[in-house]
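I opened the notebook to go through this model feature by feature. My entries follow in the order in which I looked things up.

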Amino acid sequence: MSNDAPRFVCQNCGHVAHKWMGKCPECGAWNSLAERQPETEVKARVPQKRREGAFSSGEDGPARRPQRLSEVEMSGETRLKTGVAELDRVMGGGITRGALSLIAGAPGIGKSTLMTELGKYLPGRKLLYVTGEESARQVKLRAGRLGVGSEGDDLLLFAETNVEAVADAADEADPDVLIVDSIQTLFRPDLESAPGSVSQVRESAATLRRLTKELECATFLVGHVTKKGAIAGPRVLEHMVDTVLYFEGDRHHAYRILRTVKNRFGAAHEIGVFEMREGGLRPVENPSEIFLAERGYGVSGSTVVCSLEGTRPILVEIQALASDSRYSTPERTATGFAQRRLQMLLAVLEKRAGLSFSDHDLFLNVAGGVTLDEPAVDLGVAVACASSFRDIPANTGAVLIGEVGLGGEVRSVGRVEPRLREAEKLGFERAVVPEGNRDGLAVPDGLEVVFCKRLTGVLEAVL
Ligand code: TYD
Ligand code: MG
């Protein structure tokens with residue numbers, strides 16, 4: 001095939017095909033292939049600082065030869081602390097200079113709000129807010145509502161979508177933090193495709209990446225997600241950035257969770273919890289309290305589990321409802337928990353504890369709109385299902401911790417102690433913990449720990 005034949009690029013995943021197809025063979029998206037003319041060589045941007053000879057090592061930029069580990073220069077202050085624990089934790093202990101972060105989320109979830117509020121969290125820092133979706137006036141209106149930017153502020157607004165112009169402005173302003181809202185609106189004039197297309201998003205991000213490293217600023221790219229929840233644009237975007245954050249939450253609930261999916265400068269899977277208020281996002285320092293606030297007492301099907309989200313233990317209520325099924329294939333619906341894992345736990349309950357769910361529909365709900373994927377919550381989910389099935393309330397004064405194996409055994413989990421401390425702090429009297437975690441376990445005063453080996457034993461104890 002000749003080199004200049006038109007090629008088709010999947011606008012979802014970046015897959016390149018030589019003929020048009022209705023469905024992308026790589027990611028399975030329908031009607032996502034768009035024709036791409038072969039691109040002219042993209043010329044590398046030379047930033048103003050370098051043009052002016054600001055980099056001592058000349059045209060090639062800093063350090064274009066291997067260096068000894070000991071020779072690598074560390075700049076003095078690498079983290080910008082926001083003072084907001086929910087945000088600093090997610091960023092791995094503060095915003096890292098020279099880091100490119102992607103903050104992704106559904107429309108209306110609060111990405112622009114969070115980015116605007118950075119102006120409040122980082123007083124005395126220079127911020128450059130590039131807005132491609134809203135006018136500068138709109139951003140100012142929002143900033144006013146959020147109480148951002150009194151006189152003497154160092155928040156620069158720039159309504160621009162040409163990435164070259166953005167880069168030049170950043171070069172000139174030399175900000176501490178650069179915000180681009182959103183990456184899908186940017187375009188490079190030397191590429192023919194439309195803003196938001198795979199090549200535009202990729203090349204714009206590449207330009208901003210180079211810029212971020214050169215200016216040693218912290219850059220946030222706001223990204224939209226598709227209906228399925230993936231970041232719109234090429235999947236390579238996730239590999240190009242240093243940090244990927246998801247801003248999640250149910251639009252009908254006030255709570256928003258900022259989750260680190262990837263972090264080159266800290267732990268992944270950290271979460272920060274915020275509440276969306278009239279005056280902006282309020283950090284929620286003790287999320288367990290709100291996730292347990294509406295807990296039902298004396299109702300069957302309710303248990304409390306403790307999930308470790310990054311370094312932080314969170315107590316959440318699990319609700320299950322088993323009801324007689326009217327159909328030959330009973331329904332299984334799980335919100336905030338993996339459907340397959342639920343099926344597995346039901347099979348274990350059936351085989352090892354003699355609870356047959358085959359003529360019962362089962363609905364499982366994790367309260368507060370949280371999603372749990374840690375095996376340590378298995379025990380609480382299994383007990384909630386059994387409790388609803390038998391219609392006997394489980395003891396809600398106890399926190400259930402443990403992974404459930406296919407043999408009906410309760411398996412040990414990692415880092416039990418922070419979970420127990422959180423349970424004790426919130427006034428729980430008892431915790432059910434796997435026998436395998438007994439050795440050397442430090443139990444907080446005022447908390448009774450019941451060790452268990454098998455799921456059947458737990459069911460006898462709490463139901
Ligand atoms: P926004 O940050 O614009 O969402 P995104 O950039 O992710 O699309 O804001 C989303 C919603 O938040 C919007 O519907 C209005 C609401 N909101 C508040 O409730 N309080 C506030 O102070 C602000 C600024 C917005
Ligand atoms: Mg927005």
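I started with Arg 415, which counts as partly exposed at 48% relative accessibility. I noted that the model is a predicted one. Arg 415 is not a glycine, yet its phi is positive, about 50°. I placed Arg 415 in the loop between strand E21 (410-411) and helix H11 (416-425).

I then turned to Asp 391. Its phi is positive too, about 55°, and Asp 391 is not a glycine. I found Asp 391 in the loop between helix H10 (378-390) and E19. Is Asp 391 buried or exposed? At 57% relative accessibility I logged Asp 391 as exposed.

I also checked the peptide bonds. The one from Asp 181 to Ser 182 is cis, with omega near 5°. Ser 182 sits in the loop between strand E9 (177-181) and helix H6 (198-215).

**Overall counts**

I counted 12 helices and 23 strands in the protein chain. The chain has 463 residues, and 49% of them are buried.

I looked at strand E22 (residues 430-434) next. Four of its five residues are buried, so E22 is largely enclosed by the rest of the structure.

Which strands pair with E22? I found strand E19 (residues 398-400), parallel to E22 over three bridges. In this pairing Ala 398 stands opposite Arg 430 in E22. I also found strand E23 (residues 448-452), which runs parallel to E22 and is joined to it by five bridges. Here Val 433 stands opposite Phe 451 in E23.

**Helix H12**

I listed the buried residues of helix H12 (residues 455-462): Leu 455, Val 458, Leu 459 and Val 462. Seen down the helix axis, they fall within an arc of 100°, so they line one face of H12. I checked the face turned away from that buried side. That face carries the exposed residues Glu 460 and Ala 461.

Leu 349 touches Gly 354, Leu 355, Phe 357, Ala 382, Cys 385, Ala 386, Leu 455 and Leu 459.

**Aromatic pairs**

How many aromatic pairs are there? I counted two.

I took Phe 247 and Phe 274 as my opening case. Their ring centres are 6.4 Å apart and their planes stand at 80°, so the pair is edge-to-face. Angles over 60 degrees count as edge-to-face. This pair links distant parts of the chain, with Phe 247 in strand E11 (residues 243-248) and Phe 274 in strand E13, 27 residues apart. I noted both Phe 247 and Phe 274 as buried.

I went on to Phe 357 and Phe 389. Their pair is tilted, at 4.8 Å centre to centre and 50° between the planes. This pair also links distant parts of the chain, 32 residues apart. I placed Phe 357 in the loop between H9 and E18, and Phe 389 in helix H10. Are Phe 357 and Phe 389 buried or partly exposed? Phe 357 is buried, with a relative accessible area of 1%. Phe 389 is partly exposed, with a relative accessible area of 24%.

Methods:
Residues numbered from 1 in each chain as written. Chains lettered and ligands numbered in written order. Predicted model: local features only at pLDDT ≥ 70, side-chain atom pairs only at ≥ 80, totals over all residues. Heavy atoms only, no water. Buried < 20%, exposed > 50% of the residue type's maximum accessible area, 1.4 Å probe, protein only. Helix = DSSP H or I, 4+ residues; strand = E, 2+ residues; numbered from the N terminus. Arc of directions from axis to C-beta. Pairing = 2+ DSSP bridges. Contact = heavy atoms within 4.5 Å. Phe/Tyr/Trp six-rings, centres within 6.5 Å; stacked < 30°, edge-to-face > 60°. Lists of a residue's contacts leave out its neighbours within four places in sequence.
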